[in-house]
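Welcome! Take a moment to turn the model around on your screen, and then let us walk through some of its features together.

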Amino acid sequence: MLIKIYGSAIHGVAAQTITIEVNVDTGVGYHLVGLPDNAIKESSYRISAALKNVGYKIPGKKITINMAPADLRKEGSSYDLSIAIGILAASDQLQAENIHDYIIMGELSLDGSLQPIKGVLPIAAQAKEEGFKGIILPMQNTREAAIVEGLEVYGAENIKEVIDFFNEGQPLRKIKLDVEKEFQEKIAHFPFDFSEVKGQETAKRVMEVAAAGGHNIILIGPPGSGKTMLAKRVPSILPPLTLKEALETTKIHSVAGKMGAETSLMTVRPFRSPHHTISDVALVGGGSYPQPGEISLAHNGVLFLDEMPEFKRTVLEVMRQPLEDREVTISRARFTVNYPASFMLVASMNPSPSGFFPDDPNNTSSALEMQRYMNKLSGPLLDRIDIHIEVQKVEFEQLSEKRKGEKSEVIRERVLKARFTQNERYKNLNISYNAQMGPKEIEAFCSLDDTSLTLIKLAMEKLNLSARAYDRILKVARTIADLEGERNILSGHISEAIQYRSLDREFWNG
């Protein structure tokens with residue numbers, strides 16, 4: 001007897017429906033075809049033990065299982081439940097009249113219990129799009145799938161519950177979720193707040209400017225000056241995720257298997273902080289079966305690279321294209337996968353190998369050591385970082401002060417106001433905030449008066465600023481003007497933006 005069961009395969013951050021055809025015939029043997037990987041090939045052992053432990057068995061006949069389309073590689077243990085149900089239906093141990101109405105996915109334990117799987121949100125979205133009535137999943141995955149409205153989501157703890165659902169009509173637990181309520185309840189949950197940062201008023205101001213314009217930023221300061229502390233608090237002043245952004249971000253984390261059982265939707269912007277020993281594949285994504293990397297997991301959020309010069313140069317260089325295009329393309333011989341990667345880069349570094357600024361009496365690094373240290377960061381990479389700011393050591397008086405600093409929510413209000421101005425300005429263009437401006441937009445929206453032009457010309461000559469710094473200064477000045485509610489860029493905005501180009505100065509180049 002031939003039975004068709006439906007599952008789903010993940011390709012990038014999208015899903016594709018897989019038809020699992022199970023045929024039970026006279027003879028002996030178990031044949032699994034359709035480009036399954038080793039995890040799927042091993043499923044027969046898990047299925048056999050699981051069925052035996054819940055009172056059923058694999059029939060002693062010739063079983064042929066085809067996973068169509070046969071030329072698309074299938075991977076992972078998430079097809080265990082689909083194949084098991086298909087075998088039971090094809091051998092008349094299970095009533096299969098309405099089995100084609102559901103996508104059925106789940107990993108089996110030997111005792112018949114179901115384990116969670118990856119990529120549930122794109123699978124559920126695809127199921128709804130293709131007109132399936134519902135989806136049957138392990139209980140741990142149901143909240144995530146329930147984000148998709150108009151699709152019945154059923155959860156099971158054990159394969160026996162799924163068998164009884166089809167054979168005896170015993171109801172499975174149906175999960176419903178109020179997505180809007182879920183989203184609004186947790187939208188402002190932040191573990192860190194800017195009020196906890198002592199001193200560093202200049203650095204806080206720069207973080208506000210960076211957040212308001214979506215600018216990439218690098219913090220340069222000695223150990224213990226608060227660079228990491230400042231970076232961790234950036235998500236708390238960024239605009240809240242829209243529901244569309246939250247769904248995009250959740251999809252990526254779902255595909256990567258980073259969603260917890262209690263988490264249904266990503267409601268705050270991600271903050272990713274990979275260790276400096278990370279490989280280029282782990283950072284941008286890839287592998288023999290491509291998975292999203294850290295820069296895609298930071299999509300719509302912040303990627304923090306602590307002690308940036310300690311990262312391998314090859315690792316840093318692979319970020320250049322994603323920083324420009326805001327997506328990662330991973331190509332293989334038979335397919336290409338695109339992962340979104342629109343993130344705000346926050347990096348930190350010591351000013352020298354010894355950890356101190358060049359003019360600090362404690363600095364023991366020679367000019368040659370300084371140059372070698374700075375050369376770890378290439379010009380093209382620094383070209384994509386709009387703001388370079390020096391973070392000074394915090395004095396004792398500031399550390400011991402009892403008064404709390406300005407709260408993140410207050411700073412966030414100003415950031416939101418500036419972002420609203422930018423959204424209005426760029427509503428007919430394919431950009432959302434100042435950091436995304438290209439040469440055309442800079443020419444249109446960053447016109448300068450004579451005083452400002454004289455000031456930027458003088459700065460470029462005196463501070464030895466490069467030509468590439470010119471556009472960056474204008475973008476940052478545009479953001480400062482937006483924060484102050486000014487229609488035009490004034491000389492004060494230009495002078496502040498010039499201060500945020502530390503690494504372009506002759507001071508750093510020995």
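## A threonine and its neighbours

Leaving aside residues up to four places away in sequence, Thr 19 touches Lys 4, Ile 5, Tyr 6, Asn 66, Met 67 and Ala 68. You can find Thr 19 in strand S2, which covers residues 14–25. Is Thr 19 buried or exposed? Thr 19 is buried, because its relative accessible area is 18% and the cut-off for buried is under 20%.

Please keep in mind that this is a predicted model.

## The chain as a whole

Let us step back for a wider view. The chain has 510 residues, and buried ones make up 53% of them. Its secondary structure comes to 22 helices and 19 strands. Along the principal axes, the C-alpha trace spans about 90 × 50 × 45 Å.

If you take the contacts between residues at least 6 apart in sequence, 74% of them join residues at least 24 apart. The accessible surface comes to about 22900 Å², and carbon and sulfur atoms account for 49% of that surface.

## An enclosed helix

Now look for helix H4, residues 120–129. Seven of its ten residues are buried, so H4 is largely enclosed by the rest of the structure. Which residues of H4 are the buried ones? They are Val 120, Leu 121, Pro 122, Ile 123, Ala 124, Gln 126 and Ala 127.

The cover over these buried residues includes strands S1 (2–11), S2, S5 (102–104) and S8 (134–138), along with helices H5 (142–145) and H10 (243–255). Strand S2 is also where Thr 19 sits. Just after H4 comes Gly 131, with a positive phi of about 85°.

Most residues other than glycine have a negative phi, and most peptide bonds are trans.

The peptide bond from Ala 68 to Pro 69 is cis, with omega near 5°. Pro 69 belongs to the loop between strand S4 (62–68) and helix H3 (80–90), while Ala 68 is one of the residues touched by Thr 19.

Gln 200 is not a glycine, yet its phi is positive, at about 55°. This residue lies in the loop between helix H7 (179–185) and helix H8 (201–213). Gln 200 counts as buried because its relative accessible area is 11%, below the 20% limit. Glu 307 has a positive phi as well, near 55°, and is found in the loop between strand S15 (302–305) and helix H13 (313–317).

## Charges on the chain

The chain carries 60 positive and 66 negative side chains, and the centres of the two sets lie 1 Å apart. Which residues form a negative surface patch? Glu 149, Asp 178, Glu 180 and Glu 185 do. Asp 178 is in the loop between strand S10 (173–175) and H7, and its relative accessible area of 47% makes it partly exposed.

## A buried leucine in a loop

Our last stop is Leu 241, in the loop between helix H9 (227–232) and H10. Leu 241 has a relative accessibility of 3% and so counts as buried. Not counting residues up to four places away in sequence, its contacts include Phe 183, Ile 187, Thr 249, Met 266 and Asn 300.

Definitions and conventions. Residues numbered from 1 in each chain as written. Predicted model: local features only at pLDDT ≥ 70, side-chain atom pairs only at ≥ 80, totals over all residues. Heavy atoms only, no water. Helix = DSSP H or I, 4+ residues; strand = E, 2+ residues; numbered from the N terminus. Buried < 20%, exposed > 50% of the residue type's maximum accessible area, 1.4 Å probe, protein only. Contact = heavy atoms within 4.5 Å. Patch = residues over 30% accessible without salt bridge, like charges linked within 9 Å, V, L, I, M, F, W, Y side chains within 5 Å. Areas by Shrake-Rupley, 256 points an atom, 1.4 Å probe, with all protein chains shown as cover. Salt bridge = Lys/Arg side-chain N within 4 Å of Asp/Glu carboxyl O. Lys, Arg positive; Asp, Glu negative; His and termini not counted. Charge placed at Lys NZ, Arg CZ, Asp CG, Glu CD.
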